[in-house]
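This report describes selected features of the structure shown below. It treats a metal site, a helix, the confidence of the prediction and a single residue in turn.

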Amino acid sequence: MLCENCKERDAVVNLTQVKSGAVTQLHLCEKCAAEQGVETSVASPHSQIGDFLQAVQQQSLTVPGDQSSCHFCGATTRDFRSSGRLGCARCYGAFERSLRELLRRLHGNSRHTGRRYEPPAPELLEQASLVGQLKDRLRRAVEAEQFELAAELRDRLRTYE
Amino acid sequence: MDLSLLPDGGVGWLDASGDHADIVLSTRIRLARNVEGYAFTPRARDGERLRVLSQIREAAQHLRPLQAGMLLRVDELPTLDRQLLHERHLVSKELAGFDGPAGVRTGAAVLLGDDVSLMVNEEDHLRLQALRSGFELPAAWRAVEQLDQDLGGRVPYAFHGEFGFLTACPTNTGTGMRASVLIHLPGLVLTKEIQKVLAGLQQIGLTYRGLYGEGSEVVGNFFQISNQTTLGRSEEELIDHLAQVVRRVIEKEEEARRVLLRDAGTTVEDKLWRAYGTLRYARSLTFEEAMNYLSGVRLAVGLKLISGLSVYTLNKLLIFCQPAHLAYLEGRALTESEVHVARARYVRQALSSEAGTAG
Ligand SMILES: [Zn+2]
Ligand SMILES: [Zn+2]
């Protein structure tokens, strides 16, 4: 639909007016809507991502004390600046100083006060990942029609269940 | 893809059974979590993402709400199926591969359980979600918290003593929690109070978006209100704060509706019946038209100007009016003008089976 005012651009705003008891609807383009004093932000909420990236860029102009890259995933401060995304959990340690500042800016706070988390006991984890590995191998053995191996893996899996 | 295989077709949250269901469509709480020992999803290699997926798949077999669920490898689905899942609010735009040029990621998957779901290899390895009909923050929180505890007891999460749960994007760090309420505010839009309300939200740490999430436009006067910050307050504090504000917004919306009826009763009534008439008889409808008229009819039902039409039907129309849903109903790919025709036909059928009458 074309803008009912300029009849040039596409209408993006549906302006509903209640004037002395009468309701009218006007379809306007962004420019004409702005000229009528209508904020178009109802039609398109302002971009949080944009604001956020701006904050990241302002922030991480390399704070002394931060590593220039993460030893675990290889992500650099430059990667972070361009994407706004961290590479892995260790990045939080590598870029700790600039992150603390950024988090404070974003959340008004940099300290988590919510639920605490205790990871599962190591024995349980080892067993879980072992079971997972055995299942992966079993699936592959069945697919490859290695039935002898599959039977052996199935027996080993049984001991965990 | 046969979504009727899902416990409730994946649309139980549309059934209008929850609190304030005439104004609040749905409540959603999601938790972002990452598995310790792997790079976050965007930086991970295909092999790592597949290992994360198999670890989650293994753990899920032991978790009651996911046991009987359905696992969909999103990366192995054709575009139309991914679009269908996205239209049904079961996967995010990012997981469906519609968010950037990179497309769908290897290892992208969703586990759809009884009343919770779990996206794997979204921006974070895990996005745990509970979605409820109406204004039901406590119920959604209980469900997602339980899932989180059970899953976190089997899979080690990335957690930091000071920063809390670690996420790919610092906007989610801490609780990793986003609680949101999808609310219909035609009264505030018509009385032009909405700008004030929305500006107020942003001042107190809340934010809003359109019907389809991040960056989406506000259509049909539907707004998603959610917490903006995730760090420095506990999950319960964040939820309580959101609940209080949403209650205030509901009151304001009800007040605006009373004002509209009082000051412009006849014109409002005429406009809403015209919206209903258009939906009953139109032969071609764009998505935006359908949303705007449905918003009007929904308001009319809320104001008791039209009766004999269920909120559930109106909710369902919001979802089934979208292109992939219409293509499924018609059983074939549709051109754009065919979509408009199919939409009008579907709306006519849904409304004529529940003829609205003057209240
Ligand atoms: Zn114009
Ligand atoms: Zn890293």
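## Zinc site in chain A

In this predicted model, the zinc ion (ligand 2) is coordinated at 2.3 Å by the SG atoms of C70(A), C73(A), C88(A) and C91(A). Along the chain, these donors follow the spacing C-x2-C-x14-C-x2-C. C73(A) and C88(A), 15 residues apart, form a pair that links distant parts of the chain. C73(A) lies in the loop between helix 2 (48–59) and helix 3 (77–83) of chain A, and C88(A) in the loop between helix 3 and helix 4 (91–94). Both C73(A) and C88(A) are buried.

What is the arrangement of the four donor atoms around the zinc ion (ligand 2)? The angles that they subtend run from 100 to 123 degrees, and the arrangement is therefore tetrahedral. For four tetrahedral donors, the ideal angle at a metal is 109.5 degrees.

## Helix 5 of chain A

Helix 5 of chain A comprises 12 residues (96–107) and should span 16 Å at 1.5 Å a residue; its end C-alpha atoms are 16 Å apart, in agreement with that expectation. The buried residues in helix 5 of chain A include S98(A), L99(A), L102(A), L103(A) and H107(A). Because these residues cover an arc of only 140 degrees around the axis, they lie on the same side of helix 5 of chain A. After helix 5 of chain A comes G108(A), which has a positive phi, near 75 degrees.

## Confidence in chain A

The mean pLDDT of chain A is 77, and 73% of its residues reach 70 or more.

| Element of chain A | Confidence in chain A | Mean pLDDT |
|---|---|---|
| Strand 1 (residues 13–19) | lowest | 60 |
| Helix 4 | highest | 93 |

Over residues 39–44 of chain A, pLDDT stays under 50. For this stretch, the model has 15 contacts beyond four places in sequence.

## N227(B) in chain B

N227(B) is found in strand 10 (residues 222–227) of chain B. Is N227(B) buried or exposed? Its relative accessible area is 1%, which is under the 20% cut-off, so N227(B) is buried.

Leaving aside neighbours within four places in sequence, N227(B) is in contact with M177(B), R178(B), A179(B), G205(B), L206(B), T207(B) and L238(B). N227(B) and R43(B), by comparison, are 184 residues apart in sequence, with 27 Å between their C-alpha atoms.

Methods: Residues are numbered from 1 along each chain as its sequence is written. Chains are lettered from A and ligands numbered from 1 in the order in which they are written. This is a predicted model: local features need pLDDT of at least 70, side-chain atom pairs count only at pLDDT 80 or more; totals for chains, interfaces and linings use all residues. Side-chain values use heavy atoms; hydrogens and water are left out. Donors are N, O and S atoms within 2.8 Å of the metal (3.2 Å for Na, K and Ca); water is not among the atoms, so sites may look incomplete. Four donors count as tetrahedral if all angles lie between 85 and 135 degrees; four count as square planar and six as octahedral if opposite donors are over 155 degrees apart and all others between 65 and 115; anything else is irregular. Helices (H or I, at least four residues) and strands (E, at least two) are DSSP runs, numbered from the N terminus. Buried means under 20% relative accessible area, exposed over 50%, partly exposed in between (1.4 Å probe, protein chains only). The expected span of a helix is 1.5 Å times one less than its number of residues. The arc is that of the directions from the helix axis to the C-beta atoms. pLDDT is the predictor's confidence in each residue, from 0 to 100. Contact means heavy atoms within 4.5 Å.
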